[in-house]
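Have a look at the structure first, then follow along.

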Number of protein chains: 4
Amino acid sequence: MKALVYHGPTRKAWETVPDPVIESPTDAIVRIDSATICGTDLHILKGDVPEVRPDTVLGHEAVGTIVETGPAVTTFAKGDRVLVSCITSCGRCPFCKEGHYGLCTGGGGWLFGHTINGLQAEYARVPFADTSVYRVPDALADEQVLFLADILPTAFEVGVLSGRVQPGDSVAIVGVGPIGLATIMTAKLFTPGMIIAIDKAESRLGHAREFGATHMINNGHEDALERVMELTEDSGVDVAIEAVGVPDTFELAAELIRPGGRVANIGVHGHPATLHLESLWMRDVTITTGLVDTRSTLQLLRLIASGHLDAARFATHRFSLDDTIKAYEVFADAAATDVLKVVLQGPTAGSAPSSDRVDRHFAGTRTYRGPHKF
Amino acid sequence: MKALVYHGPTRKAWETVPDPVIESPTDAIVRIDSATICGTDLHILKGDVPEVRPDTVLGHEAVGTIVETGPAVTTFAKGDRVLVSCITSCGRCPFCKEGHYGLCTGGGGWLFGHTINGLQAEYARVPFADTSVYRVPDALADEQVLFLADILPTAFEVGVLSGRVQPGDSVAIVGVGPIGLATIMTAKLFTPGMIIAIDKAESRLGHAREFGATHMINNGHEDALERVMELTEDSGVDVAIEAVGVPDTFELAAELIRPGGRVANIGVHGHPATLHLESLWMRDVTITTGLVDTRSTLQLLRLIASGHLDAARFATHRFSLDDTIKAYEVFADAAATDVLKVVLQGPTAGSAPSSDRVDRHFAGTRTYRGPHKF
Amino acid sequence: MKALVYHGPTRKAWETVPDPVIESPTDAIVRIDSATICGTDLHILKGDVPEVRPDTVLGHEAVGTIVETGPAVTTFAKGDRVLVSCITSCGRCPFCKEGHYGLCTGGGGWLFGHTINGLQAEYARVPFADTSVYRVPDALADEQVLFLADILPTAFEVGVLSGRVQPGDSVAIVGVGPIGLATIMTAKLFTPGMIIAIDKAESRLGHAREFGATHMINNGHEDALERVMELTEDSGVDVAIEAVGVPDTFELAAELIRPGGRVANIGVHGHPATLHLESLWMRDVTITTGLVDTRSTLQLLRLIASGHLDAARFATHRFSLDDTIKAYEVFADAAATDVLKVVLQGPTAGSAPSSDRVDRHFAGTRTYRGPHKF
Amino acid sequence: MKALVYHGPTRKAWETVPDPVIESPTDAIVRIDSATICGTDLHILKGDVPEVRPDTVLGHEAVGTIVETGPAVTTFAKGDRVLVSCITSCGRCPFCKEGHYGLCTGGGGWLFGHTINGLQAEYARVPFADTSVYRVPDALADEQVLFLADILPTAFEVGVLSGRVQPGDSVAIVGVGPIGLATIMTAKLFTPGMIIAIDKAESRLGHAREFGATHMINNGHEDALERVMELTEDSGVDVAIEAVGVPDTFELAAELIRPGGRVANIGVHGHPATLHLESLWMRDVTITTGLVDTRSTLQLLRLIASGHLDAARFATHRFSLDDTIKAYEVFADAAATDVLKVVLQGPTAGSAPSSDRVDRHFAGTRTYRGPHKF
């Protein structure tokens with residue numbers, strides 16, 4: 001099959017690799033119908049995530065169709081259309097039992113395009129399928145659910161839920177790229193009174209306004225702290241959410257908070273930040289960090305199905321899966337292209353699963369070669 | 001009356017000052033029966049708390065007897081024996097209505113020995129008496145409730161409750177001076193499985209053991225991180241509580257925590273700390289800070305009354321109120337004296353209130369001078 | 001002044017009564033600008049609430065202007081425009097300190113038109129003013145905030161918050177009179193996926209649809225249980241809210257619930273209901289009851305001010321305060337009049353406070369005659 | 001093998017039945033080392049649980065040793081010593097993902113001795129082993145963990161956690177048989193101020209006192225409501241826990257509660273109760289029901305291992321597994337025998353697993369018969 005392969009810092013190729021096979025009885029093989037690219041993929045390509053080994057297929061967000069299941073997979077079957085998300089859950093370790101799939105110690109966690117081959121490919125092996133993929137309702141197109149694979153649960157769980165956004169709250173979001181926009185979208189589920197978007201790029205602030213931010217601050221030329229204090233009658237916001245991943249934005253978020261408020265960090269950080277305990281110690285603040293668990297995926301899926309979340313609006317650019325290299329170029333140059341998220345479409349993207357095609361591709365070629373003891 | 005007066009950095013005196021008078025209809029005047037000294041008082045005397053103005057009476061922890069009430073005080077009367085605690089609550093601002101008395105914006109918060117005259121004195125004016133003092137049951141001696149004025153609710157609210165200690169949890173407490181010991185004592189209300197005390201002073205670690213710590217680490221010569229990882233099978237603790245107030249101890253607490261754990265900061269900090277977001281961002285940690293609210297005072301009082309908290313054990317040294325200067329010396333030299341908390345005893349300490357004495361002192365001198373100025 | 005006076009079952013009159021006076025230093029006197037009538041007032045007039053004594057002025061919902069304050073009132077002053085709500089809080093008893101004002105044991109709770117004279121009058125005495133009334137922002141008209149006096153916080157606190165409505169939840173509301181409609185309105189703050197309104201009156205179901213119910217069931221001729229099971233794929237709803245107050249509707253609500261779901265009772269009941277523990281014991285349900293505390297009033301006020309709650313839509317009929325008797329007739333005959341809530345408008349309703357009028361009315365007549373001990 | 005077989009109401013026998021075999025790849029076969037009898041088993045024998053079919057092996061509480069695992073079982077292996085508890089979790093249905101294993105819709109829930117063969121036997125087939133059994137630390141004897149199979153997590157989750165017992169609370173427990181005693185034992189993890197045991201049997205009240213109840217009420221001849229009101233200064237208790245399962249005891253629990261309190265029902269009910277909404281509607285009560293989920297098993301196991309729970313004290317009578325019939329007689333006659341829980345001991349009870357014996361018994365007889373049927 002074809003896949004987007006990482007060959008070390010700055011090097012990637014769309015090339016032929018071996019078809020994935022069932023390696024464990026809890027695996028499934030999924031045909032990728034729609035995939036997308038994450039900012040994290042760009043970081044990997046810069047060499048910032050050294051645990052990704054050369055020759056790894058990238059990508060951790062997809063909608064696809066199951067073409068084969070291991071013998072222990074009982075809740076999904078060939079032909080099922082599923083969301084494959086960034087986090088894999090073994091379902092049996094103490095963390096998974098508490099819904100902390102992102103911290104899985106039983107072989108899951110963030111695997112795709114990280115420690116195993118990923119989803120920017122024609123097919124993928126999906127470990128622990130029963131506890132890690134989600135059935136897609138027939139009525140929903142791929143693009144409506146694709147962003148449940150990462151940015152929506154990340155924004156919702158790590159930002160909105162950890163920040164305990166409540167009706168009427170003032171919420172500041174520092175950084176309104178796709179994750180920041182997903183934070184605006186999912187914060188609105190709790191009807192905050194004020195959503196303040198802070199960014200240095202006017203184009204992103206424009207998107208923030210469209211997504212529902214009530215106030216926009218360009219901290220390239222405005223004093224964000226001063227503006228937030230004006231907007232909140234000098235109290236600071238109830239919730240400040242960091243969605244960038246550098247020390248400056250975290251420190252800004254911590255400055256914006258009112259006494260008793262919550263700072264939720266979503267950003268992926270490479271460096272330490274300064275925590276001003278000399279002022280924060282007596283301000284009753286709560287600071288949270290987190291990797292997404294995807295424990296909210298079903299909840300968000302229901303909200304998409306009921307029309308309460310318009311997740312498809314992130315899909316600003318579409319490419320054939322074969323054009324993944326070009327899609328990377330467009331996605332990496334958001335300043336010029338104004339892209340939010342690209343959709344990489346396999347030949348069957350968004351349509352109902354074609355069992356014909358599934359059968360033909362696998363006919364005689366993909367019998368289970370897994371653990372000989374079966 | 002006599003009081004301990006701050007005269008600027010390093011200077012204090014036990015001297016005669018004017019008797020306090022009712023200034024607002026919600027005030028009460030309290031005769032101090034028992035008081036104590038806090039580590040914060042030592043900081044003030046070093047000049048570390050510049051908002052304390054010279055000529056302020058120090059002290060924010062006392063048990064006393066009401067000798068006069070303003071006309072709007074309805075729930076207390078002359079002769080009532082009360083706990084006067086470090087936090088004053090106006091009862092009507094939004095923060096007080098949510099139980100966040102420490103953040104009071106209506107004239108309360110930390111007032112005694114800070115922005116108004118304090119409690120190391122023969123008498124004190126207590127603002128917002130109805131919402132700020134607590135009736136002491138007859139059956140309890142002063143020493144049994146005195147430490148409810150600060151260290152017990154501080155340790156319980158800012159450490160144990162903010163850290164969400166649960167039955168079976170592993171809890172590390174960095175710094176086991178009086179606040180750290182109070183954290184051990186109140187953490188035990190939730191039956192943690194392991195309480196690890198960390199300090200550089202063997203004498204404090206000895207107290208920690210007596211108070212119920214299950215493991216002691218002297219981080220003067222042991223590697224606390226390594227020891228904690230051994231004790232927790234390399235996971236880290238569920239809850240780490242900082243009870244010192246310097247960057248090193250905060251940073252140590254943040255290192256000890258397991259993924260998904262909680263860091264609760266109790267210490268009063270004068271300098272920023274480094275927050276290692278490059279490792280913490282994906283570890284699902286919660287970090288909290290806070291000034292005590294004293295919203296748990298009644299709950300802790302009930303636990304003392306039912307015999308579940310032996311708060312009096314903090315009282316290691318006793319002095320006559322007139323000997324407050326000497327008590328400061330003993331308290332400031334804990335390394336030599338092994339003091340935990342001193343008790344400053346007025347002539348009526350611990351006994352039932354003497355209305356005779358109350359009446360005599362105030363006869364003809366302290367009638368309420370009317371509502372005209374309100 | 002004039003007021004609506006209860007003279008025993010079925011008897012009421014709009015008649016002259018003595019002007020209210022300050023009786024306690026924490027009282028305020030409020031001129032009523034806008035008031036309304038509650039279903040509970042109709043119950044009182046039927047004799048169902050025997051603790052209401054004849055000669056009591058009825059009414060517990062109003063917006064008004066402060067004309068006089070007792071000497072201990074510090075946060076409000078003459079001329080302030082305020083919401084006076086159904087619950088009075090002493091601010092100092094243990095229940096008030098926990099935000100449970102409805103359970104106040106310090107002299108508050110539900111007083112107006114119940115145990116003291118109420119708000120369907122030209123003026124009213126308001127106890128514990130500092131902790132019981134809310135400043136109305138200038139930008140908001142009386143009708144925008146009037147329903148914060150009872151139905152909105154009741155529906156929100158006792159229904160939505162006690163029922164823990166979460167984004168995507170299915171919510172059934174049994175009974176969609178004004179309280180049920182307020183439940184729909186405030187449930188939407190949490191973006192439920194499905195709001196099922198159940199009632200026997202088509203007109204009320206029509207209102208429910210306008211307020212945002214997604215499904216309407218007329219249980220006069222439909223099997224509500226069967227319909228709900230169809231809508232929820234045989235699981236039952238996440239949250240069922242009872243908003244009537246009779247055994248049948250409570251028992252229906254308890255039948256509609258999914259395993260693990262929540263039943264929140266808002267209705268005022270006069271008779272016991274049957275609790276089917278033989279099926280509920282193993283279904284992990286939570287059942288809550290409650291009188292409103294009004295602790296959410298400020299939060300809801302912010303949501304009105306930010307445009308997120310259109311509370312004024314309850315105001316379907318308006319009357320001069322002098323026409324209160326006629327307003328009762330219209331309100332009592334909702335089946336014919338399709339009324340939701342009436343607004344009783346004093347001469348200054350909805351306008352900015354007129355200090356002229358305030359001064360004139362009280363000139364020389366209402367000097368503080370309160371507790372002689374001041 | 002031998003097992004205790006139910007043959008319809010009042011009929012049971014200890015007899016030879018076929019050895020259990022792996023039926024699904026997620027199954028394990030466990031040799032029973034120690035088992036016990038539950039009050040529910042007595043109900044089944046009376047015919048009260050009609051879904052239990054004749055010829056079913058009874059029992060749902062055991063400690064044993066794994067002798068064989070299905071091919072999809074990855075976290076346990078032959079020779080592992082495990083706790084097998086009353087609840088089985090598929091690990092993949094929405095309820096299991098939220099920790100509600102008792103509500104499992106994926107093939108789990110209460111299976112043993114209910115819908116499949118149970119654990120009062122020499123061997124048992126354990127479905128979904130990876131997500132349903134718990135490794136027993138070597139240092140713990142069978143009797144120390146055996147009661148984690150049902151009564152301890154039931155009392156803790158359905159009583160103590162659902163009732164939200166907090167330090168200093170007053171807790172009333174209606175019915176102090178084994179479940180009520182387990183409620184006392186696990187309530188103490190949160191240091192309540194007062195634990196009131198209510199029962200009609202003096203012997204059970206005696207046990208309650210030994211387990212830590214602070215007050216005993218014999219409601220065979222005392223007025224429990226009156227006594228509780230005396231003890232709580234007329235407020236009622238913070239938490240009332242029903243641990244019997246008849247309408248009277250539930251109704252008593254609901255009467256004992258203070259405004260704002262919680263009623264937690266643990267009892268298994270066969271009949272509806274009367275809910276006095278006419279008084280409860282305004283008292284802000286929370287009533288919960290529930291089947292145990294066993295989500296707290298690991299937490300309780302840690303507390304046993306750390307010496308904080310002395311679970312073995314329930315073991316008052318011991319029998320050889322072959323004497324199960326006799327053990328039933330003793331257990332059914334608690335009034336005469338004063339039994340709390342019996343222990344049914346297999347030949348290897350409490351000792352380290354003997355791989356010899358494991359191998360011999362299964363040699364050549366129990367090879368896994370392939371994946372062809374999955």
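I began with contact, which I take as heavy atoms within 4.5 Å. By that rule, 33 residues of chain D touch 33 residues of chain C.

A note on the ground rules: this is a predicted model, where local features need pLDDT of at least 70, side-chain atom pairs count only at pLDDT 80 or more, and totals for chains, interfaces and linings use all residues. Residues are numbered from 1 along each chain as its sequence is written, chains are lettered from A and ligands numbered from 1 in the order in which they are written, and side-chain values use heavy atoms, with hydrogens and water left out.

**Entry: chains D and C**

I looked up buried area, the accessible area (1.4 Å probe) that two parts lose on being put together, summed over both. Chain D and chain C bury about 2,900 Å² between them, with 66% of it on carbon and sulfur atoms. On the chain D side, Leu277(D), Trp281(D) and Thr289(D) lose the most area to chain C, together 24% of what that side buries.

Which elements of chain D give two or more residues to the side that touches chain C? I found strand S15 (257-265), strand S16 (273-275), helix H10 (277-280) and strand S17 (286-288). Here helices (H or I, at least four residues) and strands (E, at least two) are DSSP runs, numbered from the N terminus. S15(D) supplies the largest share of that side, four residues.

I then checked strand pairing, which needs at least two DSSP bridges between two strands. S17 of chain C (residues 286-288) and S17(D) pair in the antiparallel sense over three bridges, and Thr288(C) stands opposite Thr286(D).

**Entry: chains B and A**

I repeated the search here. Three bridges join S17 of chain A (residues 286-288) to S17(B), and the two run antiparallel. Thr288(A) stands opposite Thr286(B).

**Entry: a sheet in chain A**

I found three strands in an open antiparallel sheet, in the order S2-S1-S4. Strands S2 (12-16) and S4 (56-57) of chain A are at the edges with a single partner strand each, so one side of each has no neighbour in the sheet. S1 (residues 2-6) of chain A pairs with S4(A) over two bridges, and Tyr6(A) stands opposite Thr56(A).
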